[in-house]
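Subject: Structure handover

Hello,

Here is the structure you asked to look at. Please open it first, then read my notes below.

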6 protein chains.
Amino acid sequence: MATVKLIEYEEACADVRQIYDDIMHTKETDWINNFWKALAVQPDLLRRTWEGVKDVMTSGVLDPLTKEMIYIAVSTANGCTYCINSHTAAARLKGMTDEMVSELMAIIGMANQTNALANGLQIEVDSAFRAGGLK
Amino acid sequence: MATVKLIEYEEACADVRQIYDDIMHTKETDWINNFWKALAVQPDLLRRTWEGVKDVMTSGVLDPLTKEMIYIAVSTANGCTYCINSHTAAARLKGMTDEMVSELMAIIGMANQTNALANGLQIEVDSAFRAGGLK
Amino acid sequence: MATVKLIEYEEACADVRQIYDDIMHTKETDWINNFWKALAVQPDLLRRTWEGVKDVMTSGVLDPLTKEMIYIAVSTANGCTYCINSHTAAARLKGMTDEMVSELMAIIGMANQTNALANGLQIEVDSAFRAGGLK
Amino acid sequence: MATVKLIEYEEACADVRQIYDDIMHTKETDWINNFWKALAVQPDLLRRTWEGVKDVMTSGVLDPLTKEMIYIAVSTANGCTYCINSHTAAARLKGMTDEMVSELMAIIGMANQTNALANGLQIEVDSAFRAGGLK
Amino acid sequence: MATVKLIEYEEACADVRQIYDDIMHTKETDWINNFWKALAVQPDLLRRTWEGVKDVMTSGVLDPLTKEMIYIAVSTANGCTYCINSHTAAARLKGMTDEMVSELMAIIGMANQTNALANGLQIEVDSAFRAGGLK
Amino acid sequence: MATVKLIEYEEACADVRQIYDDIMHTKETDWINNFWKALAVQPDLLRRTWEGVKDVMTSGVLDPLTKEMIYIAVSTANGCTYCINSHTAAARLKGMTDEMVSELMAIIGMANQTNALANGLQIEVDSAFRAGGLK
């Protein structure tokens, strides 16, 4: 149970309804998920977050499915149940197959493992890698 | 400075040399980075980790650059300096442009933000999302 | 379900009861929450933890509500469901309004985002900031 | 060394300069810190992030110093060196004393400890706390 | 509810059944837990993960119970509910008493606290400690 | 560089000196490491933290070296450079060999990997594991 009241469309103020309409239009759906209903307690937070997500997830050089998988990777590393579920559902809609889930999870798992080894052994970054980022 | 001795090629035992050779051959390079030199203290750990990374990163339905970006996403969420640097260098070699870095970071940043909002407000997963994963 | 037995007041030893009494007296309440009942498996752990929390949360230059919000911020970053819920309830009792929750979450979300950007891009600390802490 | 080029004011495009000017004007300073110079690789990311930070950190019911301390708390839990340093410097400018730093750290430390205990023992949220968030 | 289908023994292919048999034989049990059933969507991921876990957890200079407690410590720091529960159950089978749980949790809690203090105050590593790792 | 002044023995007040003396006596050493010098800005924080660490790390059913390895495991999962270095040095003094480091790291790495897989796939805890903790 969320720690704030979820704002339903019917009880929302005009500003919030406008954002809800844009969310449903952009996602081609007819319902609002709990995440947005919780943010609607503060319309500014709702607007800023939605506009950020819309900008980041719907345009650019990376394709939408790749973006969803990156989102799942971060949400998994952070252990965020809500975002893992919502973005897995979104990725499925965009064509993520079981095989892609498995590869995605294998990479996430391997990265977590080597992150721990590199941190735990305090391994210094090779100078070639530091230089590589900017040449 | 690593908390274990880094094993150089010249001083490595035959088992470790064989893995080092495979690393250099697979990566088409002529040097071994510190990560593997630190794991070489225990040849079994070196072999298992290298074989895992090789399997996960070099075959599959996801392309190699997408895999590197997912790796960077996890390493960023975990704050692993070594892996961020090494996989950013690897991704650059595979064609990651500045524009792709920016989009990748924008997604990572947005995911971290919404992860925090979803956790902080204890938002429940919508039933539609839970169902979505398995249909 | 906790991985240790929760110790109820009735079955607690005298040492534990004394701490339970102090918890209820300090919080002006007549019940013990699960957190303390779980720690009571080891009275020393219970005592040390409770005395630490009491010292840290009930005295000082920062006011009690600010302290609760800082506690929520850390618990959110760590994804601890129990502590998010218990300290949100405590903060509500101390006067946290919906507007304050929203601002708190906005800061937590923004901090998580910029933390990720700063780590992901491996941005070096400006010398002015390093110096700033100690002048 | 950052994994992208830092954009100095002199070489920035007009869009970026305008944001840099707003950053310096808002912060009442005459220099741009590395964080913004790194984001400037993608002007949209720079603009969205700056506008988010400005909105979140400079207005509202919570005072600016409290906001900085919450920012430090999150950055500490996430282990983000850059943000810990930059927001500690900002908080010092806004009046954070050594005593406040110590109390802040004591709360952060205590929260991390109890987060671990609650997670490690898998303690269930008391129903009174769940209810408390919404009444 | 997992985001992939759990593969039961009856419906598993021969490769997966062989691994399931090895899991049950190694653990001296007659059932497969959900973790392996989820990985079985991709037999390679299942095999690599199981072989890794088997190698790491069942041989070596550290005794099996110590290994389980280290596993619980990491899982607690990462907030992984599944792994905390499964490895606590495993550790109980290997003889972990309530007193050991309490000591384990006390260490985990204390480490989380001092990790936060060291990060939050940006304390530099003493040269004696850096040297100590390699002499 | 720490964000607070490090308090040297010579300039410390009597309360702090007494704690410093106890630290050196307990550790059988003749110097104070930076961690304690930073906490000394607030003698109460120093005393509470030191007493907690001393209690947790020096007595009990788990042996001191096992305790240090658990500490390293948590610090690695949290990415705390200071604590990884200081507790690795402490563990070395207590007899941790290269082989033990390697096994410790292998467990930490494996736990991080399976934590990610369990979270990322949202695998439900088996009822047998939930029951196992409390029988």
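Predicted model: local features only at pLDDT ≥ 70, side-chain atom pairs only at ≥ 80, totals over all residues.

Start with chains C and D. Chain D can be superposed on chain C by a rotation of 180° with 0.0 Å of shift along the axis.

Now the contact itself. Chain D puts in 60 residues, and chain C puts in 60 residues. On chain D's side, six helices each supply at least two residues: α2 (34-39), α3 (43-58), α4 (64-77), α5 (81-93), α6 (98-120) and α7 (127-132). Which helix gives the most? That is α6(D), with 15 residues. By class, this side of chain D has 33 nonpolar, 20 polar and seven charged residues.

Next, chains E and A. Here a rotation of 120° superposes chain E on chain A, with 0.0 Å of shift along the axis and an RMSD of 0.0 Å. These two copies are thus related as by a three-fold rotation axis. Look for Gly79(E): in chain E, its C-alpha is the nearest to the axis, 4.1 Å from it. Do chains E and A meet through the same surface or through different surfaces? Only 12% of the interface residues of chain E are also interface residues in chain A, so the surfaces are different. Eight residues of chain E are in contact with eight residues of chain A. Chain E's side of this contact divides into four nonpolar, four polar and no charged residues.

One residue is worth a stop: Met105(A). You will find Met105(A) in helix α6 (residues 98-120) of chain A. Is Met105(A) buried or exposed? Count the other C-beta atoms within 10 Å of its own: there are 29. A residue with 20 or more counts as buried, so Met105(A) is buried. Leaving aside neighbours within four places in sequence, Met105(A) is in contact with Leu45(E), Leu117(F), Gly120(F) and Leu121(F). Within chain A, Leu121(A) is 16 residues along from Met105(A), and their C-alpha atoms are separated by 24 Å.

Two helix pairs come next. In chain A, take α4 (residues 64-77) and α5 (residues 81-93). They pack at an angle of about 160°, with axes 9 Å apart. Angles over 145 degrees count as roughly antiparallel, and α4(A) and α5(A) are therefore roughly antiparallel to each other. Their crossing is left-handed. From α4(A), the contact includes Leu65(A), Glu68(A) and Tyr71(A). From α5(A), it includes Cys83(A), His87(A) and Ala91(A). By class, the contact has eight nonpolar, four polar and one charged residues.

In chain F, take α4 (residues 64-77) and α6 (residues 98-120). The angle is about 40°, and the axes are 10 Å apart. α4(F) and α6(F) are therefore oblique to each other. This crossing is right-handed. Met69(F), Ile72(F), Ala73(F), Thr76(F) and Ala77(F) in α4(F) meet Leu104(F), Ile108(F) and Asn112(F) in α6(F). That contact has six nonpolar, two polar and no charged residues.

Best wishes

Terms used: Residues numbered from 1 in each chain as written. Chains lettered and ligands numbered in written order. Least-squares fit on C-alpha atoms with pLDDT ≥ 70 in both. Axes fitted to C-alpha atoms, helices over the stretch in contact; angles between N-to-C directions. Helix = DSSP H or I, 4+ residues; strand = E, 2+ residues; numbered from the N terminus. Parallel < 35°, antiparallel > 145°, perpendicular 65-115°, else oblique. Left-handed = near helix turned anticlockwise from the far one by under 90°. Contact = placed C-beta atoms within 7 Å. Nonpolar A, V, L, I, M, F, W, Y, C, P; charged D, E, K, R; others polar. Buried ≥ 20, exposed ≤ 12 C-beta atoms within 10 Å, placed from the backbone.
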